[in-house]
Amino acid sequence: MSDFLILDGPRDPSRHPNPIYRGTYRMHPPHFDNLPDEHEANVLFAWFIEEGGELGVVNDKEKAQKLRDLCNVYGAERNYEVVEACEGDQLPSHGGELLGYDLSQGLNNSLLWWGLKAKDTMPSDPVFVLASAVYAHFSQQLNRYGLFSEISAATECRQALIALQALRPNFIEGDDLGKFRATALYRIP
């Protein structure tokens with residue numbers, strides 16, 4: 001069974017996301033408040049909520065494509081796309097263009113959405129010095145979609161971020177970074 005995501009632009013623009021990022025941590029389809037509940041767009045939105053739940057992972061490619069198309073007609077941003085998410089180096093079931101490898105938790109949260117930009121706080125602190133070097137090294141390897149083109153780079157970055165988190169708990173994320181996985185994303189036409 002394939003995992004599909006219907007995604008648009010940044011989920012939280014006020015947090016200064018990487019503008020080119022096309023990974024798992026993006027906006028999901030909305031309810032179309034300006035349309036009646038029985039309109040096809042809202043019927044498919046109800047399906048999306050029922051099947052996708054909080055994470056927004058669905059398994060019906062045709063319905064996902066139809067909801068994407070309706071979002072691009074009736075939605076505010078109109079940049080929705082369907083991506084097939086594959087763990088690790090698993091190949092997609094439905095082909096599509098490889099956007100790259102995200103470091104994703106539950107096909108939702110991501111360690112790459114902000115582009116691995118170094119923070120300017122406490123520059124003399126050894127952990128911040130190491131983090132700046134790690135971010136500089138791996139941010140240069142992000143492709144035109146803000147993702148890694150090779151699984152090896154994604155895996156190495158994940159290991160480096162886990163090591164930073166081990167030096168200072170909650171440094172990057174409040175959750176265990178071991179839960180994040182290299183996830184290939186394929187754009188479905």
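Val 127, Leu 130, Ala 131, Val 134, Tyr 135 and Phe 138 of helix α3 touch Ala 153, Glu 156, Cys 157, Ala 160, Leu 161, Leu 164 and Leu 167 of helix α4, where contact means heavy atoms within 4.5 Å. By class, twelve of these residues are nonpolar, none is polar and one is charged. Here Ala, Val, Leu, Ile, Met, Phe, Trp, Tyr, Cys and Pro count as nonpolar, Asp, Glu, Lys and Arg as charged, and the others, Gly among them, as polar.

This is a predicted model, in which local features need pLDDT of at least 70 and side-chain atom pairs pLDDT 80 or more, while totals for chains, interfaces and linings use all residues. Residues are numbered from 1 along each chain, and side-chain values use heavy atoms, without hydrogens or water.

Two packed helices are described by the angle and the distance between their axes.

| Helix pair | Axes come within | Crossing angle |
|---|---|---|
| α1 (residues 40–52) and α2 (residues 61–74) | 10 Å | roughly 130° |
| α3 (residues 126–139) and α4 (residues 151–167) | 11 Å | roughly 170° |

The angle of α3 and α4 makes them roughly antiparallel (over 145 degrees). The contact of α1 with α2 includes Leu 44, Phe 45 and Trp 47 of α1 and Leu 67, Leu 70 and Tyr 74 of α2. Its residues divide into nine nonpolar, no polar and three charged.

What lines the largest cavity? Pro 10, Arg 11, Asp 12, Pro 17, Tyr 25 and Trp 113 do, each with an atom within 4 Å of a point on a 1 Å grid where a 1.4 Å probe fits but cannot get out. About 30 Å³ of space lies inside this cavity.

Methods:
Axes fitted to C-alpha atoms, helices over the stretch in contact; angles between N-to-C directions. Helix = DSSP H or I, 4+ residues; strand = E, 2+ residues; numbered from the N terminus. 1 Å grid on protein atoms, 1.4 Å probe; cavity = no way out; pocket = protein on both sides within 12 Å on 5 of 7 lines; lining within 4 Å. Points joined across faces, edges and corners; volume = space filled by probe spheres on them. Parallel < 35°, antiparallel > 145°, perpendicular 65-115°, else oblique.
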